[in-house]
Amino acid sequence: MFTLAEVASLNDIQPTYRILKPWWDVFMDYLAVVMLMVAIFAGTMQLTKDQVVCLPVLQSTVNSKAQPSMSGKADFTTAETTTRQGEEVSMRTVSFGSGPTVTPDVPLSRATSSQYQPTESGQELKKEQKDSSGRKTNLDFQQYVFINQMCYHLALPWYSKYFPYLVLIHTIILIVSSNFWFKYPKTCSKIEHFVSILGKCFESPWTTKALSETACEDSEENKQRLTGAQSMPKYVSTSSDEGSPSASTPMITKSGFKFSADKPMIEVPSVTILDKKDGEQAKALFEKVRKFRAHVEDSDLIYKLYVGQTVIKTVKFIFILCYTANFVNTISFEHICNPKVEHLIGYTQFECTHNMAYMLKKLLISYISLICVYGFICLYTLFWLFRIPLKEYSFEKVREESSFSDIPDVKNDFAFLLHMVDQYDQLYSKRFGVFLSEVSENKLREISLNHEWTFEKLRQHVSRNAQDKQELHLFMLSGVPDAVFDLTDLDVLKLELIPEAKIPAKISQMTNLEELHLCHCPAKVEQTAFSFLRDHLRCLYVKFTDVAEIPAWVYLLKNLRELYLIGNLNSENNKMIGLESLRELRHLKILHVKSNLTKIPPNITDVAPHLTKLVIHNDGTKLVVLNSLKKMTNVAELELQNCELERIPHAIFSLSNLQELDLKSNSIRTIEEIISFQHLKRLTCLKLWHNKIVNIPSSITHIKNLESLYLSNNKLESLPAAVFSLQKLRYLDVSYNSIELIPVEIGSLQNLQHFHITGNKIDVLPKQLFKCVKLRTLSLGQNCITSIPDKVSQLLQLTYLELKGNCLDRLPATLGQCQLLRKSGLVVEDHLFDALPSEVKEVLNQDTSIPFANGI
């Protein structure tokens with residue numbers, strides 16, 4: 001026996017999958033149950049009452065009717081009968097003229113008695129004849145039972161006997177076909193996940209919150225639309241729309257969720273705040289929906305299986321209807337039976353009645369009616385399956401009703417499951433769409449983010465940078481917390497790896513904000529926020545992977561002074577530059593581009609008239625086309641670093657206002673073109689470091705105004721005297737070359753303040769070096785110097801002296817006469833410093849003792 005719990009578990013499938021059973025499937029299930037009841041009822045009746053009743057067909061009946069009765073004579077007829085034991089008995093019946101004629105159908109017992117009592121009185125015979133009626137046979141009960149059983153199998157059609165069982169088998173097949181897609185392993189797992197996720201999405205508090213906020217926004221919009229200009233809205237933006245960008249500018253629009261700060265909103269206290277548990281549950285649901293969609297949309301197995309089982313049911317209906325209609329007339333009440341057992345019974349033909357024929361025929365007609373209704377529903381299902389493309393599902397109606405403008409359309413099995421759910425209740429897909437909307441997910445992240453990043457927490461992350469400005473760096477967050485815009489004294493805001501960054505109108509409170517960093521952060525701004533940034537922002541850093549990530553509003557910041565672009569500016573195959581026009585950046589002074597350019601973008605010429613500094617870091621890509629430089633006549637500083645330049649570009653010689661040129665990290669071998677720098681009257685700084693320069697031409701003397709010369713990390717072996725004819729030279733760096741000798745002409749550089757010759761092969765210091773009395777920095781480390789002359793005491797302004805990495809035995813005691821030199825500025829091995837006289841060490845240590853004394 002089955003327990004109640006086991007039987008109850010069989011019904012669990014109905015509540016679980018009911019949302020995926022449209023009305024036709026439900027109706028067909030009920031029809032299948034009714035057909036099952038018909039089968040059970042008919043089968044039960046057959047097991048208990050099904051039988052036939054047969055009587056022999058008497059051939060002598062007609063002859064006996066034709067014989068005339070004879071009075072006064074006795075007719076003797078012989079009747080042969082076969083008993084159940086197979087014995088044959090011959091007897092005669094006597095008919096008297098004064099009595100009725102006795103037929104041969106007289107029972108054996110009665111005939112026997114009449115044989116032994118022929119003298120019975122006429123009254124008794126008359127009375128006995130009155131008691132008997134109908135045709136009499138000579139068969140006993142066992143013979144009737146035997147013939148009934150024989151004729152049940154011989155005369156009764158097979159359909160009358162097996163009809164209930166066929167109905168049962170057909171019904172079971174139809175039930176299995178209807179629910180096979182719920183049990184097939186490759187589909188049931190997807191269906192179980194879908195039903196589970198759908199139920200959680202339907203009951204999630206976040207769904208209620210998102211839909212209620214949308215309803216609040218819609219009601220507020222309708223209210224404002226009705227009131228118009230007659231009444232002021234409850235919340236209005238204080239920002240001005242002056243100078244608003246064009247329609248093509250990527251601002252935060254009013255499509256989708258309208259969470260703009262300058263948009264009126266009504267908050268519903270009961271659903272405004274989600275607790276942490278609900279928020280985490282909603283985040284998990286978004287992730288589950290995303291993964292489930294990717295898993296289900298890759299195939300259409302569920303759709304094909306449902307179509308296949310519907311086709312099978314339709315074919316099954318046609319088959320059942322065709323053969324059942326042929327056999328409906330075979331179920332009859334009367335049947336003729338020829339059992340061929342004459343040697344046992346004595347009769348050759350029997351007429352039988354099937355006592356269940358009437359009931360079975362009625363049940364069969366009912367079954368045919370049910371199967372016809374079932375078949376028509378199958379045909380309708382096929383029509384529905386092929387009438388519309390069920391492997392595509394559009395949320396267009398949901399988008400219109402709920403303002404979720406970004407809900408994506410789905411396909412394949414995911415679309416089919418949603419179509420099936422719509423047949424149950426369209427509210428499911430409407431609530432499910434909340435978890436397909438990126439806007440909804442972003443809003444959830446925004447709420448969670450604002451709960452986590454409070455004003456107090458953000459204040460703890462504010463620091464001072466090298467320029468002594470208050471700086472806040474936010475890294476890898478889901479968005480920008482609202483509390484950021486309450487830090488009104490912030491100077492620098494760095495946003496890094498925040499793909500959904502939105503800058504609301506509240507940024508207008510940050511009146512001190514002048515510098516903004518967007519590192520892989522294509523931020524969107526509201527109209528009021530853009531107006532503020534356009535008027536107040538002075539410095540902008542944009543780091544990106546593809547040029548399309550640069551927000552379009554960046555090109556409209558008319559008061560921007562400095563723009564730093566770091567990323568790939570070339571499109572596919574480096575055929576064109578994807579940078580948009582910079583014409584609107586009317587006050588741009590500094591443009592820094594770190595990319596992989598093959599030519600200078602022509603758009604940069606849009607800012608050529610007012611650009612004063614141009615920096616191009618090319619990351620090793622060869623910069624070939626430089627003609628655009630000629631148009632930048634006002635550029636005072638130019639840096640072309642890591643551009644694989646082999647010579648100094650001729651376009652540079654046209655920059656009459658150039659004051660500083662930096663050609664760091666290129667492949668320059670010769671600088672013979674340096675003679676052309678004589679036309680650059682304002683050039684004061686030349687940086688040719690980290691190249692492959694072998695020698696310095698004497699034509700360098702023509703750069704009369706040169707004050708700084710950087711030649712470190714090259715392949716120089718000597719310094720020509722021409723270098724020391726530059727009387728205005730204040731900074732000379734020839735570190736990390738192969739120079740073996742410092743020319744005595746260095747003494748003519750009376751204005752030299754910084755001299756770096758670290759990492760060479762110098763072994764002797766000329767005395768003329770110490771005539772450069774204005775030296776403040778002297779780097780002599782990593783050479784072969786064996787001694788330091790005592791004349792080092794002449795460098796009264798020396799504050800930094802590097803001697804580490806040489807072959808020194810001692811330090812001169814005259815170092816103590818360098819009044820500004822302190823131990824922190826003396827880079828030398830510890831044992832050399834310890835060997836100095838105590839009074840010299842005391843002088844050099846004053847930088848630590850004096851502040852201590854002052855502190856006391």
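Predicted model: local features only at pLDDT ≥ 70, side-chain atom pairs only at ≥ 80, totals over all residues.
Local features were considered only at pLDDT of at least 70 and side-chain atom pairs only at pLDDT 80 or more, whereas totals for chains, interfaces and linings use all residues. Residues are numbered from 1 along each chain as its sequence is written, and side-chain values rest on heavy atoms, with hydrogens and water left out.

The unreviewed UniProt entry lists residues 27–47, 162–182 and 364–386 under "transmembrane region", an annotation that may be inferred rather than shown by experiment. In the model, residues 27–47 are 100% helix and 0% strand, with end C-alpha atoms 30 Å apart; residues 364–386 are likewise 100% helix and 0% strand, and their end C-alpha atoms lie 33 Å apart. Helices (H or I, at least four residues) and strands (E, at least two) are DSSP runs numbered from the N terminus.

The structure holds 19 salt bridges, each defined as a side-chain nitrogen of Lys or Arg within 4 Å of a carboxyl oxygen of Asp or Glu. Among them, Lys391 pairs with Asp300 at a closest N to O distance of 3.0 Å, linking the loop between helix 15 (357–387) and strand 6 (392–393) to the loop between helix 12 (276–296) and helix 13 (301–327), 91 residues apart. Lys391 is partly exposed at 31% relative accessibility, whereas Asp300 is buried at 14% (buried, under 20% relative accessible area; exposed, over 50%; partly exposed, in between; 1.4 Å probe, protein chains only). Arg293 and Glu297 form a further salt bridge, at 3.1 Å, and Glu287, Arg290 and Lys291 are linked in a salt-bridge network.
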